[in-house]
Amino acid sequence: MAVTAGRPVRGALLPPQVTAITSTRAGSLAIFIVRRILWMIPILFFVILITFTLMHLAPGSPWDKAGGRQLSDTVVNNLNIRYGLNKPVPQQFLLYITSVIHFDFGLSYQYQGKTVSNLLLESWPYTATIGVLAFLLIIPVGVGLGVLAALRQNTRIDYITMGFATVAASFPNFVIGALMVVAFSVLSYKATGGNFFLPAAGFGADDHLIMPVITLALLPIAYTARLTRASTLETIRQDFVRTAWAKGLPERLVVIRHILKNSLIPVVTTLGPTFAFLVTGSVIVETVFSIPGIGRAFVVAIESRDYPMILGTTVLFSLVIAVANLVVDVAYVFIDPRVRLT
Amino acid sequence: MLQVEDLHTQFFTSRGVVRAVDGVTFHVDAGETLGVVGESGCGKTMTALSILRLVPDPGKITSGRILFRGREVTKMTDEEIRDFRGNDVAMIFQDPMTSLNPVTKIGRQIEEAMTAHERFTETLARGRVIELLKRVRVPAAESRVNDYPHQFSGGMRQRAMIAMGLSNEPSLLIADEPTTALDVTVQAQIIQLMKQLNRELGTAMMLITHNMALVASLCQRVVVMYAGRIVEEGPVEQIFNSPQHPYTWSLLRSVPRVDEARKDRLVSIRGLPPDLSNPPPGCKFHPRCPFVIDKCKTDPEPSLSEVGVNQVARCWVLMRNVTEEGVEAAKASALSKDAAAKLKAPVMEVEGNAGG
Amino acid sequence: MALPVAANIEDLSAWEVSEKQIGLWSDALQRFRRNRLAIAGAVLIAILVLIAFGSPLLVHLGILHDPIKQNVDYIESGPGQNGFSIGSDELGRDTLSRLMYGSQVSLAVGILVQAIILPIGLLVGLTAGYFGGRIDNLLMRFTDIWYAFPDLLFVLVVVSVFHPSLLTIFGAISLVNWVGLARLVRGQVLSIKEKEFVEAARSSGSSPAKLILKHLLPNSLGPIIVTLTFGIPNAIFLEAVLSFLGVGIQPPTPTWGQMVFDGYEAIYANPTSVVFPALAIGFTLLAFTFVGDGLRDALDPRMRR
């Protein structure tokens, strides 16, 4: 959601203490944050509602084993009672909402006795590690390449970096992942007789991380680089850059304080979607590289119809993305002094 | 103090070579205010940018010399020109809203102009910023220093730019259309301010404008440019009273003057400025000149010749050779030509993407 | 060019529209043609279309192996072995013909999804933009909710829950992609509403609706086309991911994502079974991206001056 002027505060009806708060920028910022957080609630509610509805619209029951023996009716009945599936659907929904507020996502269907929260807690460190590493890679590399291409416009560096960016942005990450595995695990293994290769599966704090992180980060890097380049090119043409040169400022100052400080603003707004991409991308990357993170747990849950797990993961992902977007929007307010908050 | 000799600045575009500055020679003495007038696109801004070597791509200074106190600006190294800009010669631009960095505080922008040249320490600079803002009559300067450009009004932004330009006490301040982007009332204030500053500081000024009234109130000498060349030059009073080049004459005719008889109609210059990548043959002004003779269409313009005390002009005809009847005829015919043109013209000209 | 003096506003605006339209298209075509990458992309897409339509014919003529026919004797052949030009997969099916057939699914997904999105997006966008006010607010909040849903997750959930079939897959992918188009159309309607001649028409009593529609088309056709073109690789990508995760279009219909998925199991033994479908997906997406870029640059009104 963009940060723009919204509806004006109904100032005349508010007590003077509140108007005193809103008149300062810090005060407006606080109110803005509170409003955004409050806004997240109905959105999340709808996300849960939609997902929940989908679960229960599904034909068949979660106990239908695909292609295997069917469980007997008594067993199914017991399972239904145990997991509360025999209650009317709206009631189930309400129960679910109340437990979600307490961060209880219910029991997993596939792993007897384990709660969804447990499963999530177990898997999130892996996902977080790769996600954070990817993010730390994206910003410097993406922005750096973009700035480089812009400052050296129409030279070979420009064409090479932008060409690479276009290609990287078009190949889906499982394609890149698979190709990387072929190149760096299979072929290099065969070529070097087993001496050099990157592990294609599993998780460890070493070269296990290289390929997954790069695969995850590649598309956002490409996208960020292209955006940074476009934005910087446009900024360079602005009048105030000419003023900066006319003042006799050294090149470094012009580039950093005048060009970049302006051109990076649109890039910041894409950090939210980038973050969302890292979240959804983890689903694919963890599957390709067999990493036991939340993404892969989600895929497994889907395959085994583990509804609470599916629901819980979706809610968690949506929450994380919403929070990330909020953080980015708030950061944007700090970066661009022209933004009005009321 | 500043000497420009036969300056040529050209743009190498895909449509051809545009001769933006086509052999310009003039000088600015210490402390004087020189006006540079002409229509948009006549090369006045490019001349100024050339002096600071800020010509944008795909333009280049192709030949000529620019001498500042004897030093060749065209041959300066990168470090020397950086020192030169904003310090010896400063320039302020037309639209203060777009010419100021929107995300940096105004105080900081003025400050960096000073600290970049190491003439002031940071603390000294900060104090001086407030002083400067006061000097350009920005109210509440102490708190305004921490404001951003969008929090200033148009007039205040221009004042801030002037403050920025003068911060290093340059010998020459080039002002490119300093009032064009402002409201009329604010324009008057800025003009007042510039007069005052000129008196107080004695900085030389090169005032680029198409507004003759501005020239009249601020300048001692004026240079008239057309299609990249100087067509007339001389002291302001003389130029205003007896302009010799038909273009200058037409420019002055198109400004209403309080001291003239009411029934003297305004004469607008018909036609459009020439395409500088493909100029007309002969004198570049001839298609629009009310006094054109055959020679103007075939021979290139003459070089500047003396037409008065310290006044030069470049014309085969020269106004002093035009009879009274000729002048009246020109006024009448120009007017009827214009009026006729208006009747035949379309109500709405759409070229390409109007209103898209 | 002398024009007759306008008699009333309707005439004038009609003239304005047609002149712009002619200029826009020929100009755009010219610019597109100069963009070599876009042309390359377009050529590749044309080839793909030919392959998609032509491969059943080739199988019928016996030139190409049947993509579905399994051949237990010849599983996991390498390139050139056993009469398979590229190789065969773990069930003995010919990789080349499966590759070629896979283009059918990819193109179908890409284009059909856009066909579904177009009316939905148009309708919502037009409604929101034209009526404004509370309807607009409501619809925009609705799209916000949709935005909050990570698209891949939603598609995965829907498809897995309802059993992957052409209907569910196409439907799910469409559901996550229509928002962009709706927002675009709404923006266009809003900006046209602001123009002065609409005010004039309204004050003179005529309905601005027709005027808006008349102007909507030429103005927004460009961005709509670009959005749809960029939507195609997105749809293909989602389908490929679904297949890769096993919940896409089910066998025996060959899809590239599926081929990557199957081939991944045997990646050490037979890497080509992964590489070729992976590259096919990548280059197809690249082609559509180039074409989309080319179209966007060609139709960009700012660059026309």
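Student: With which residue of chain A does the side chain of E112(B) meet in a salt bridge?

Tutor: The model is predicted: local features need pLDDT of at least 70, side-chain atom pairs count only at pLDDT 80 or more, and totals for chains, interfaces and linings use all residues. Residues are numbered from 1 along each chain as its sequence is written, chains are lettered from A and ligands numbered from 1 in the order in which they are written, and side-chain values use heavy atoms, leaving out hydrogens and water. A salt bridge is a side-chain nitrogen of Lys or Arg within 4 Å of a carboxyl oxygen of Asp or Glu. At 2.5 Å, N to O, the partner of E112(B) is R257(A).

Student: Which element gives the largest share of the side of chain B that touches chain A?

Tutor: Elements are DSSP runs numbered from the N terminus: helices (H or I, at least four residues) and strands (E, at least two). Two of them give two or more residues to this side, α3 (106–115) and α6 (154–166) of chain B. With four residues, the largest share comes from α3(B).

Student: How much area do chain B and chain A bury between them?

Tutor: Contact (heavy atoms within 4.5 Å) involves 24 residues of chain B and 19 residues of chain A. Buried area is the accessible area (1.4 Å probe) that two parts lose on being put together, summed over both. Carbon and sulfur atoms account for 59% of a total of about 2,000 Å².

Student: How much area is buried between chain A and chain C?

Tutor: Here 46 residues of chain A are in contact with 40 residues of chain C. Carbon and sulfur atoms give 81% of the buried area, which is about 3,800 Å².

Student: Which element gives the most to the side of chain A that touches chain C?

Tutor: Across this interface the rule finds one salt bridge; R226(A) and D293(C) meet in a salt bridge at 3.4 Å, N to O. The elements that give two or more residues to the chain A side include α2 (25–57), α7 (173–191) and α13 (307–335) of chain A. With ten residues, the most comes from α7(A).

Student: How many residues apart in sequence are the parts that R288(B) and E39(B) tie together?

Tutor: R288(B) and E39(B) form a salt bridge, with the closest N and O atoms 3.0 Å apart. R288(B) lies in the loop between α10 (246–253) and α11 (294–298) of chain B and E39(B) in the loop between β3 (33–37) and α1 (44–51) of chain B, so the distance in sequence between the parts is 249 residues.

Student: Is R288(B) buried or exposed?

Tutor: Buried means under 20% relative accessible area, exposed over 50%, and partly exposed in between (1.4 Å probe, protein chains only). E39(B) has 17% relative accessibility and counts as buried. R288(B) has 5% relative accessibility, so R288(B) counts as buried.

Student: Which helix of chain C holds D136(C)?

Tutor: R186(C) and D136(C) meet in a salt bridge at 2.7 Å, N to O. R186(C) lies in helix α6 (residues 166–193) of chain C, and the helix that holds D136(C) is α4 (residues 133–148) of chain C.

Student: Which strands are the edge strands of the open sheet in chain B?

Tutor: Two strands pair if DSSP finds at least two bridges between them. The four strands run in the order β2-β1-β4-β5 (chain B), with antiparallel pairing. Each edge strand pairs on one side only, and these strands are β2 (16–28) and β5 (71–72) of chain B.
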